[in-house]
Amino acid sequence: MTALVAVGAQWGDEGKGKIVDWLALSADLVVRFHGGNNAGHTLIVDGQKTVLHLVPSGILQPSTVNLIGPGVVVDPRVLLAELDKIQAQGVLRDPSRVRVSGRAHVILDWHIALDKARDEARRESAIGTTGRGIGPAYEDKVARRGIRVADLLDPAALRPAIDRLAKEKNFELTQLHGWPAIDVEAMFDELLVLGRRLEPFVDHTGRILEVALRANKKVLFEGAQGTFLDIDHGTYPFVTSSNCVAGAACTGAGVGPTRIDFVLGITKAYTTRVGGGPFPTEDKGAGGEWLGAKGMEFGATTGRKRRCGWLDLVVLREAAIVNGFTSIAMNKLDILSGLPEVPVATAWRIDGKLTSDFPMTLEEVARAEPVYEVMPGWQEDISGVRHHAALPDNARRYVERIEALVGVPIDVISVGPDRDQTITRRQVF
């Protein structure tokens, strides 16, 4: 048995889709365990791009089973649109290759409307939500009033559940935000249709997972977003509404911690983030523009331009601690080619005090000034390199210096978006 959790080590957008797709070549199951369609994973195979939001990134492998666990919040329209698309491409001929937990909570029209209305009301202090209804759906889940995927298959249970929510949700929309009310009858009718279409994919994913683990299958748990968007461990309140760290794989998929063998942290060779919140190594000048343009830094889900800056080892070390990384995959090393020098933040200075540790409060992060170690760059195009030893000396030194300062081996290096543009220093799965 090998069970590996792959999670983002920064603020999301680390290229997890590419790495999970590559790892899935060896996987029997790929499991999504948290988040919703606020995640966007871009896969490029032989030049063909596939963007996924809910379906796990193992879908391009012809025999891999892909599970959407109970920790995920599901917008049934988005999921069905994705399934329709990949079925039309001939990727998904067997519905049993995608299994959705009946315990996963459903994103409703109210959630989407309230997500947008609340962020609009915050104005200058807006969090920068994707407006997909993720937060309000988790809010109802925690308040024990949510509607789950299994409820969509049972009209007798669904109708009273909808009615219980209607008065409160429409009151907030109309009276607090001045938005139109959601038509309850129309929503109920649509949910019945969506439930019938989803039914062939709905299953007890925890049992499927247990059977696979007992049979010594290889299981890959796919994280969404990134460590510093975690609701507990991120730069709160500029975070998402779920736990993004490796430990969430246990609760979000339904396995015990003793079943996890390895944890792979995924980082870019630099840093990006989308939305509001502090970002100590953000480069608002020419360097950031250069990284954004060359790295094509736009969100796969929203299309929003990403904020860009340099690799931050205070962030990366904290991610290694919180997640328990056994290994790191570094994406987009090729983007740094052509720079005369590459800064790396090895510490922060907060109120005049030097620290290598990630602080406890958002205010401290916002006041942090990065302390850089400037490393020599390289000019060579490395997109065709497939062995670590064949990298230019300065590129190799960059990787090895980060590895030494973080204290976790960098075993996978991506030098381009395609699946085969990957250097393996040590097998991680």
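Colleague: What makes you say that both faces of strand β2 (residues 29-32) are covered?

Modeller: Look at the side chains in this predicted model. L29 and V31 are on one side of β2, and V30 and R32 are on the other. All four are buried. Buried means under 20% relative accessible area. Residues under that cut-off are found on each side, so β2 counts as covered on both faces.

Colleague: How do you know that β2 is paired with β5 and with β10?

Modeller: Two strands pair if there are at least two bridges between them. β2 and β5 (residues 65-68) have four. Four bridges also join β2 to β10 (residues 218-222). Both counts meet the cut-off, so both are pairs. β2 runs parallel to β5, and β2 runs parallel to β10 too.

Colleague: What makes β7 and β9 a pair?

Modeller: Two bridges join β7 (residues 98-101) to β9. The rule asks for at least two, so this pair qualifies. The two strands run parallel. S101 stands opposite D203 in β9.

Colleague: Where do these strands sit in the sheet order?

Modeller: The order is β9-β7-β5-β2-β10-β1-β11-β15-β19-β20. That is an open sheet of ten strands with mixed pairing.

Colleague: Why are β9 (202-203) and β20 (422-424) said to stand at the edges?

Modeller: Each has a single partner strand. One side of each is therefore left without a neighbour in the sheet.

Colleague: Why is N216 called exposed?

Modeller: Its relative accessibility is 53%. Exposed means over 50%, so N216 counts as exposed. N216 lies in the loop between α7 (205-214) and β10.

Colleague: Is Q225 buried or exposed, and how do you know?

Modeller: Q225 has 8% relative accessibility. The limit for buried is under 20%, so Q225 counts as buried. Q225 is in the loop between β10 and α8.

Colleague: What makes the backbone at N216 and Q225 worth a comment?

Modeller: Phi is positive at N216, about 60°. Phi is also positive at Q225, about 55°. Most residues other than glycine have a negative phi.

Colleague: What kind of peptide bond joins Y236 and P237?

Modeller: A cis bond, with omega about 10°. P237 is in the loop between β10 and α8 (248-253). Most peptide bonds are trans.

Colleague: How do you know that the radius of gyration agrees with a compact globule?

Modeller: Compare two values. For 429 residues, a compact globule would have a radius of gyration near 22 Å. The chain has 22 Å, so the two agree. Along its principal axes, the C-alpha trace spans about 65 × 50 × 40 Å.

Colleague: How many residues of the chain are buried, as a percentage?

Modeller: Buried residues are 56% of the 429. The accessible surface comes to about 17400 Å². Carbon and sulfur atoms account for 52% of that surface.

Colleague: How many helices and strands does the chain have?

Modeller: Twelve helices and 20 strands.

Notes:
Residues numbered from 1 in each chain as written. Predicted model: local features only at pLDDT ≥ 70, side-chain atom pairs only at ≥ 80, totals over all residues. Heavy atoms only, no water. Rg over C-alpha atoms; globule rule 2.2 N^0.38 Å. Buried < 20%, exposed > 50% of the residue type's maximum accessible area, 1.4 Å probe, protein only. Areas by Shrake-Rupley, 256 points an atom, 1.4 Å probe, with all protein chains shown as cover.
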